[in-house]
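This report concerns one predicted protein model and is written for a reader who has the coordinates at hand. Please consult the sequence and structure shown here before reading further.

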Amino acid sequence: MAGKAQPASPIGADAVSALLSVTGLSVRFRMRQGRHIHAVTEVSFDLAAGECLALVGESGCGKSVLAAALLGLLPGNAQVRGAALLPQGPDLLSADETTMAKAVRGRQVGLVPQSPAAHLTPVRTVRAQLEETVRELTGVRRAEARTAALEAAERAAFPADHLDRHPHQLSGGLAQRAATALALVGDAPLLIADEPTTGLDRDLVEHTVDELRRHAEDGRGLLMITHDLAAAERIADRVAVMYAGRVVEIASAADFFGPPGPRHPYARGLLNALPEREFTPIPGNPPELGALPDGCAFAPRCTRVAKACRTDTPALVEGTACHFPLERTAPAGAGAGATAGMTGPRVGGGGPR
Ligand code: SF4
């Protein structure tokens, strides 16, 4: 990738106590005819021990690519830069595949995958996969592995009488729970859960996210990637919002979901789209990651857009990447362009229209 830019400082936990410190993470996919897809751009954040950070945003905003980058699971045409450091581990972005396979995945970083059916081994029962994973990660004997596998299934609300089924015999929700059980085995210090509530009804959503939250206790950490804001509100300590590959807002969950509410117009729009809030969708669609506009990528959809927004990419300042952020004191649920004020423009060229 041309021209290494100076990465922004990680946002959040004290870098010394951080369980994960991500700095300047960018991912480009090299396509045919010299095209590039800018999937993730200059993302920086810290995750503290005991913390749950929810990474939210619409489909295709780069959340899952970011998770795949942290786990070394990107395809061969990906170009990655930046750093992602564990306290005692390697840089996740530059470690070789042998290190990732033998020392990182499952041991230091667990994954609840977005596509559990593809993640499970099709020719083996759920029980066999759980017991094998327990033995591999903990070194216990067969009898103890059987007990530990049962416990992991129970934690993920996977029914014991389905343990001897093969993945193709499971519904989407059961496959999701089997994958969650596998990810909980070994109690990895960092757990990345990529859309862990897909296919689950609301009761199971709550059970699953509560169990994931428990995983983050005792000094472990949870990075939960989700478009389910209700699930994020239930368990997150902080929320990071991604749009077009960038983090556009990062805030404490209390500030994000309650007053004062998000300051970035897109983040505010995501909340206002919820049925229990204004039920007002954000107009338009996200941009193609291979054809991002100059300036702020949200400009074509933003009610506060001004001239500067179309030329200057806003930096993440005090947790918000916007030239005209919404007023901190605006009540939650207020319309993005209607009642909320602004803190004063961060660029010249006049205010929002
Ligand atoms: S006000 Fe400008 S910088 Fe802020 S989100 Fe809207 S278009 Fe982007």
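Residues are numbered from 1 along each chain as its sequence is written. The model is predicted, so that local features need a pLDDT of at least 70, side-chain atom pairs count only at pLDDT 80 or more, and totals for chains, interfaces and linings use all residues.

**Confidence and composition**

The pLDDT is the predictor's confidence in each residue, from 0 to 100. Its mean over the protein is 88, and 88% of the residues reach 70 or more. Residues 1-9 have a pLDDT below 50, and this stretch has 16 contacts in the model beyond near neighbours in sequence. Residues 330-343 also fall below 50, with 32 contacts beyond near neighbours in sequence. Two residues are in contact if their C-beta atoms, placed from the backbone, lie within 7 Å. Where pLDDT is low, the predicted coordinates should not be read in detail.

The protein contains ten helices and nine strands; these are DSSP runs numbered from the N terminus, with helices being H or I of at least four residues and strands E of at least two. Of its 353 residues, 46% count as buried, meaning that 20 or more other C-beta atoms, placed from the backbone, lie within 10 Å of the residue's own. Among contacts between residues at least 6 apart in sequence, 64% join residues at least 24 apart.

**The three-stranded sheet**

Strands in the order β2-β1-β4 form an open sheet of three with antiparallel pairing, where pairing requires at least two DSSP bridges between two strands. The edge strands β2 (36-48) and β4 (78-85) each pair on one side only. Neighbouring strands of this sheet are turned by 5° against each other on average, direction ignored. Phe29 has Ala78 of β4 as its bridge partner.

**The six-stranded sheet**

A second open sheet has six strands in the order β5-β6-β7-β3-β8-β9, and its pairing is mixed. Because β5 (109-112) and β9 have a single partner strand each, one side of each is left without a neighbour in the sheet. The twist averages 15° from one strand to the next. Asp194 has Ile225 in β7 as its bridge partner. In β9, Val247 is the bridge partner of Met242. Strands β8 and β9 form a hairpin with two residues between them, and Ala244 in the turn has a positive phi of about 50°. Six of the seven residues of β9 (residues 246-252) are buried, so this strand is largely enclosed by the rest of the structure.

| Strand pair | Sense | Bridges |
|---|---|---|
| β1 (residues 18-30) and β4 | antiparallel | seven bridges |
| β6 (residues 190-194) and β7 (residues 221-226) | parallel | five bridges |
| β8 (residues 238-243) and β9 | antiparallel | six bridges |

**Helices across the sheets**

Helix α1 (residues 63-70) lies across β1, β2 and β4 and runs at about 70° to β2. Helix α7 (residues 202-216) lies across β3 (52-56), β6 and β7, at about 150° to β7. Helix α10 (residues 265-272) lies across β3, β8 and β9, at about 105° to β8. Axes are lines fitted to C-alpha atoms, for helices over the stretch in contact, and angles run from 0 to 180 degrees between N-to-C directions.

**Ligand shell**

Of the 14 residues around the ligand, Cys296, Cys302, Arg304, Cys309 and Cys322 come nearest; a residue is near a molecule if its C-beta atom, placed from the backbone, lies within 6 Å of it. By class, the shell has eleven nonpolar, two polar and one charged residues. Here Ala, Val, Leu, Ile, Met, Phe, Trp, Tyr, Cys and Pro count as nonpolar, Asp, Glu, Lys and Arg as charged, and the others, Gly among them, as polar.

Terms used
A residue is buried if 20 or more other C-beta atoms lie within 10 Å of its own, exposed if 12 or fewer, and partly exposed in between; C-beta atoms are placed from the backbone.
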